[in-house]
Amino acid sequence: MKDLALDSHDASFASGATAESPRRAQSLPAGVSPALYNHDLAPTSQKGRTWGSYSLFTLWANDVHSLGNYSFAIGLFTLGLGGHQILMALLLGAAFLFVLLSLSGFMGTRTGIPFPVMSRISFGTRGAQIPALIRGGVAIAWFGIQTYLASMVLDVMLITLFPELQSLREQVVLGLPLLGWISFSILWVVQVLIACWGMESIRKYEAFAGPVILLTFVSLAAWILHSAHWSLHWSAPFASGGRAMWLQILGAASLWVAIYGTFVLNFCDFTRGATSRSAVVKGNFWGIPINMLIFGLIVVILTGGQLAIDGTLIHSPTDIVQKIPSKPLLLLASLSLLILTIAVNLMANFVAPALALANLLPRHLNFRRAALVSATLGFVILPWNLYNSPVVIVYFLGGLGSFLGPLFGIVMADYWLIRKQRVNVPALYTHDPAGPYHYRNGVNPKAIQALIPSALISLLFAFLPMLQSLSQFSWFIAAGLGALFYWVVAPKGLTYEDKDGEAIAVAPAKH
């Protein structure tokens with residue numbers, strides 16, 4: 001009977017039935033609230049999960065090799081770190097990330113629930129909107145910005161193929177040339193089409209893109225090595241040493257973790273489809289420390305090789321791509337960068353806001369509709385204007401980002417330290433005042449009490465010049481304070497019921 005009900009539930013979404021329709025009411029499992037449950041927010045059943053270790057590895061194969069990460073790591077040369085120090089910083093950050101992402105990932109594998117629902121455990125059935133919408137809001141803005149940055153690569157490709165399009169770069173509408181509008185729109189449509197087919201479509205795209213990206217960057221590194229006659233400059237132009245060097249290494253490692261401050265929050269959105277804990281560990285091991293070592297070696301080869309060739313310090317791999325003498329190879333490399341940017345955008349900036357919006361209006365928005373809404377928001381905010389505004393980037397996105405560390409600390413402390421992994425999954429989908437996650441009108445005041453001071457302190461690190469020297473460690477400080485404050489105010493010594501969600505679970509979608 002459960003399978004028949006869930007099939008009917010799916011059909012109600014396809015037909016656009018609302019929560020008030022009798023058909024929709026009959027499709028819900030017994031005991032769940034229509035304001036908290038739909039097919040995409042429901043727990044995934046243990047049987048039929050498709051995210052194995054290779055799928056999780058390819059997430060990192062794409063995300064680690066993003067252009068933003070390369071720009072960050074290459075920038076460490078300008079801070080005085082040489083090749084060995086950069087590798088040390090990246091591997092130290094990778095060790096922290098491996099632990100944090102494994103702990104975060106285990107939560108999704110065990111419960112089968114996405115991050116907005118996971119947040120209900122510590123913030124309450126209504127209070128969970130706070131972390132979900134903060135995470136989703138950051139992602140929507142960055143989805144648009146990353147699409148804009150990718151559109152500039154597509155601009156170059158189109159002009160290379162069709163030089164007559166150059167005239168379209170001279171006509172500007174709302175801050176963007178006409179050619180930019182064309183490129184942005186093409187990439188926007190491609191990403192929406194992939195995402196609207198759901199998580200399984202995203203998994204398949206990531207699995208396709210991962211090897212392409214690795215092969216592209218390894219080939220680029222080999223070409224640079226050959227051009228530099230196998231010689232590299234391992235030392236930075238202005239090398240630092242002693243205590244300053246070690247502080248820079250630790251600071252770079254901390255910033256490397258902070259880059260993933262958004263993703264450690266909602267990694268369960270992906271691991272809820274993981275086949276086992278072992279798959280998470282293996283996927284993370286090959287995708288984080290091993291893959292980041294490869295990433296670091298490529299950074300050192302690209303930067304040190306170019307220094308050996310002509311003494312110039314590159315800022316991004318695109319600086320090298322533009323120097324490829326062969327037009328077909330130039331186009332192929334540019335296409336690979338587009339494939340990469342789409343892969344990173346889908347995993348980091350598409351899934352989170354789609355699920356956050358579905359959690360906000362589960363009666364009306366499933367994953368597909370919510371993905372379309374979030375993508376539309378990412379378009380209408382004219383992200384190229386945001387990107388070109390330091391005030392928006394630093395204060396708005398930086399301010400929102402200051403909440404991510406405390407949120408992670410609170411969610412992790414509640415799950416691992418307070419409840420010790422004991423979660424009543426079906427109770428996360430009910431507004432019953434007697435339910436364990438109803439707290440006070442659906443909001444846990446203890447989580448808010450921990451969030452406000454830790455977020456305020458995080459904001460001080462982000463914006464006060466006198467704390468600038470510690471700002472690179474702000475994510476760890478904020479996450480630690482969030483966990484500490486929650487531990488202090490949360491009740492202890494209580495007994496928590498542990499109940500899986502199989503009774504209300506849905507089979508992972510296969511497309």
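Analyst: Happy to! Ala370 lies in helix H17, which spans residues 367–380. Please keep in mind that this is a predicted model.

User: Is Ala370 buried or exposed?

Analyst: Buried means a relative accessible area under 20%. The relative accessible area of Ala370 is 0%, so this residue is buried.

User: Which residues does Ala370 touch, not counting residues up to four places away in sequence?

Analyst: We set aside residues up to four places away in sequence and look for contacts with Ala370 beyond them. The residues that Ala370 then touches are Ala354, Leu357, Ala358 and Leu365.

User: How far apart in space are Ala370 and Ile457?

Analyst: In sequence, Ala370 and Ile457 are separated by 87 residues. In space, taken from C-alpha to C-alpha, the distance between Ala370 and Ile457 is 33 Å.

User: How many residues of the contact of H9 with H15 are nonpolar?

Analyst: On the H9 side, the contact includes Ile202, Phe208 and Val212, and on the H15 side it includes Leu337, Ile339 and Leu346. Two residues of this contact are polar and one is charged. The number of nonpolar residues is 14.

User: H15 also meets H3. What is the handedness of the crossing of H3 and H15?

Analyst: The axes of helix H3 (residues 53–63) and H15 come within 8 Å and cross at roughly 120°. That angle makes H3 oblique to H15. The crossing of H3 and H15 is left-handed.

User: Which residues of H3 make the contact with H15?

Analyst: From H15, the contact takes in Leu340, Ala343, Val344, Met347 and Ala348. By class, the contact of H3 with H15 has six nonpolar residues, one polar and one charged. The H3 residues are Leu59, Asn62 and Asp63.

User: In which sense, left-handed or right-handed, does H4 pass H13?

Analyst: Helix H4 (residues 67–78) packs on helix H13 (residues 277–310) at an angle of about 60°, with the axes 10 Å apart. This makes H4 oblique to H13. The crossing in which H4 passes H13 is right-handed.

User: How many charged residues are in the contact of H4 with H13?

Analyst: Here Asn69, Tyr70, Ala73, Ile74 and Phe77 of H4 meet residues of H13, among them Phe295, Ile298 and Thr303. The contact has nine nonpolar residues and two polar ones.

User: Is Trp230 buried or exposed?

Analyst: Trp230 is found in the loop between H9 and helix H10 (242–259). Its phi is positive, about 60°, although Trp230 is not a glycine. With 61% relative accessibility, Trp230 counts as exposed.

User: What is the phi of Lys420?

Analyst: Lys420 is found in the loop between helix H20 (404–418) and helix H21 (445–463). Lys420 is exposed, with a relative accessible area of 56%. Its phi is positive in a residue other than glycine, near 55°.

User: Lastly, how many disulfides does the structure hold?

Analyst: Cys196 counts as buried at 15% relative accessibility, and Cys268 is buried at 2%. The number of disulfides in the structure is zero.

Note on methods: Residues are numbered from 1 along each chain as its sequence is written. This is a predicted model: local features need pLDDT of at least 70, side-chain atom pairs count only at pLDDT 80 or more; totals for chains, interfaces and linings use all residues. Side-chain values use heavy atoms; hydrogens and water are left out. Contact means heavy atoms within 4.5 Å. Helices (H or I, at least four residues) and strands (E, at least two) are DSSP runs, numbered from the N terminus. Ala, Val, Leu, Ile, Met, Phe, Trp, Tyr, Cys and Pro count as nonpolar, Asp, Glu, Lys and Arg as charged, and the others, Gly among them, as polar. A disulfide is a pair of cysteine sulfur atoms within 2.5 Å. Buried means under 20% relative accessible area, exposed over 50%, partly exposed in between (1.4 Å probe, protein chains only). Axes are lines fitted to C-alpha atoms, for helices over the stretch in contact, and angles run from 0 to 180 degrees between N-to-C directions. Angles under 35 degrees count as roughly parallel, over 145 as roughly antiparallel, 65 to 115 as roughly perpendicular and the rest as oblique. A crossing is left-handed if the near helix is turned anticlockwise from the far one by less than a right angle, and right-handed if clockwise.
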